[in-house]
Amino acid sequence: MVPKSKRFLIAFEGIDGSGKTTQIILLKEELDRLLYQTLITKAKKPSQETAFKKFLKTFEIASDSLSYMFLYQALHRKQFEKTVAALENGNIVLADRWSGSFFVYHLNFGPLSKGPREHVALLNTLAFENLKPDMTFLLDVPPQIAFERRVRRGETDTFDADTVCFYEAVHEKCRAFAEENGWIVIDGTLPIETIHRQIWDMVSEKLGQ
Ligand code: ADP
């Protein structure tokens with residue numbers, strides 16, 4: 001059987017624990033079954049946090065959100081290059097986050113949010129070159145539920161009042177950004193299989209399956 005070639009980029013956005021990995025794996029299985037060539041790309045992985053902290057400490061760089069932004073932009077650029085190469089080879093790329101998370105954070109929080117919006121757009125262009133996904137899904141999950149899932153998955157982050165407040169704000173800004181940018185908002189609190197069916201119905205329609 002000859003693999004199917006299709007240049008298509010699908011991005012998944014949502015806070016940690018919202019179910020992106022779970023849905024991406026289910027969608028990939030469905031696409032693989034239909035013999036599409038697929039690739040998952042992801043910039044952010046847990047081990048980087050430790051490596052970044054060590055790097056900043058070694059070179060006596062302030063451990064603030066601007067420093068992290070530059071480091072993450074290198075990873076975003078790598079994700080972009082992998083994504084473009086796969087698209088050019090006729091893959092459907094499933095991106096575990098794309099530029100959306102970058103915009104939501106830097107337009108609303110940290111030092112960049114206090115400067116001109118164009119700075120954020122320009123920095124984004126350097127990494128993602130304004131490549132827009134064909135579809136973007138936002139898995140919308142209240143921060144408290146996402147936190148409980150992260151704890152169940154073995155993470156040990158704290159959820160004090162300040163953190164709750166921050167995550168609530170990110171959650172709200174993310175929904176607003178989704179609306180402005182035509183993302184498909186999915187209720188991420190539904191059962192895993194229900195969400196997968198909703199996503200698959202929309203993706204298969206777009207692909208003409
Ligand atoms: P993310 O990639 O967004 O951080 P994951 O897909 O890793 O999220 O999901 C986080 C945890 O929540 C996992 O343990 C996963 O099994 C669970 N999970 C994912 N989706 C759901 C859902 N719809 N309902 C309940 N638990 C879920």
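# Aromatic pairs and helix packing

Me: How many aromatic pairs does the count come to?

Reply: The count comes to 12 aromatic pairs, where rings of Phe, Tyr and Trp (its six-membered ring) pair if their centres lie within 6.5 Å. The model is predicted, so local features need pLDDT of at least 70 and side-chain atom pairs count only at pLDDT 80 or more, while totals for chains, interfaces and linings use all residues. Residues are numbered from 1 along each chain as its sequence is written, and side-chain values use heavy atoms, with hydrogens and water left out.

Me: Which kind of pair do the rings of F109 and F166 form?

Reply: Ring planes under 30 degrees apart count as stacked, over 60 as edge-to-face and the rest as tilted. The ring centres of F109 and F166 are 5.2 Å apart and the planes stand at 70°, so this pair is edge-to-face. F109 lies in the loop between α4 (99-108) and α5 (117-128), and F166 in helix α7 (residues 161-180), so that the pair links distant parts of the chain, 57 residues apart. Helices here are DSSP runs (H or I, at least four residues), numbered from the N terminus.

Me: Is F109 buried or exposed?

Reply: Buried means under 20% relative accessible area, exposed over 50%, and partly exposed in between (1.4 Å probe, protein chains only). F109 counts as buried at 15% relative accessibility, whereas F166 counts as partly exposed at 33%. V164 is also found in helix α7 and is partly exposed, with a relative accessible area of 25%. The C-alpha atoms of V164 and F147 are separated by 9.5 Å, with the two residues 17 apart along the chain.

Me: Which residues do ring pairs link into a cluster?

Reply: The cluster consists of F102, F103, F177 and W183.

Me: At what angle do the axes of α4 and α7 cross?

Reply: Two packed helices are described by the angle between their axes and the distance between the axes. Axes are lines fitted to C-alpha atoms, for helices over the stretch in contact, and angles run from 0 to 180 degrees between N-to-C directions. The axes of α4 and α7 cross at roughly 120° and come within 10 Å. That makes α4 oblique to α7; angles under 35 degrees count as roughly parallel, over 145 as roughly antiparallel, 65 to 115 as roughly perpendicular and the rest as oblique. The crossing is right-handed, a term for the near helix being turned clockwise from the far one by less than a right angle, with anticlockwise giving left-handed.

Me: Which residues make the contact of α4 with α7?

Reply: Contact means heavy atoms within 4.5 Å. From α4 come G100, F103, V104, Y105, L107 and N108, and from α7 come F166, V170, K173, C174 and F177. These divide into eight nonpolar, two polar and one charged. Ala, Val, Leu, Ile, Met, Phe, Trp, Tyr, Cys and Pro count as nonpolar, Asp, Glu, Lys and Arg as charged, and the others, Gly among them, as polar.

Me: What is the handedness of the crossing of α3 and α4?

Reply: The α3 and α4 crossing is left-handed. The axes of helix α3 (residues 65-88) and α4 come within 12 Å and cross at roughly 165°, and the two helices are therefore roughly antiparallel to each other. S65, M69, Q73 and H76 of α3 meet F102, Y105 and H106 of α4. By class, this contact has three nonpolar, four polar and no charged residues.
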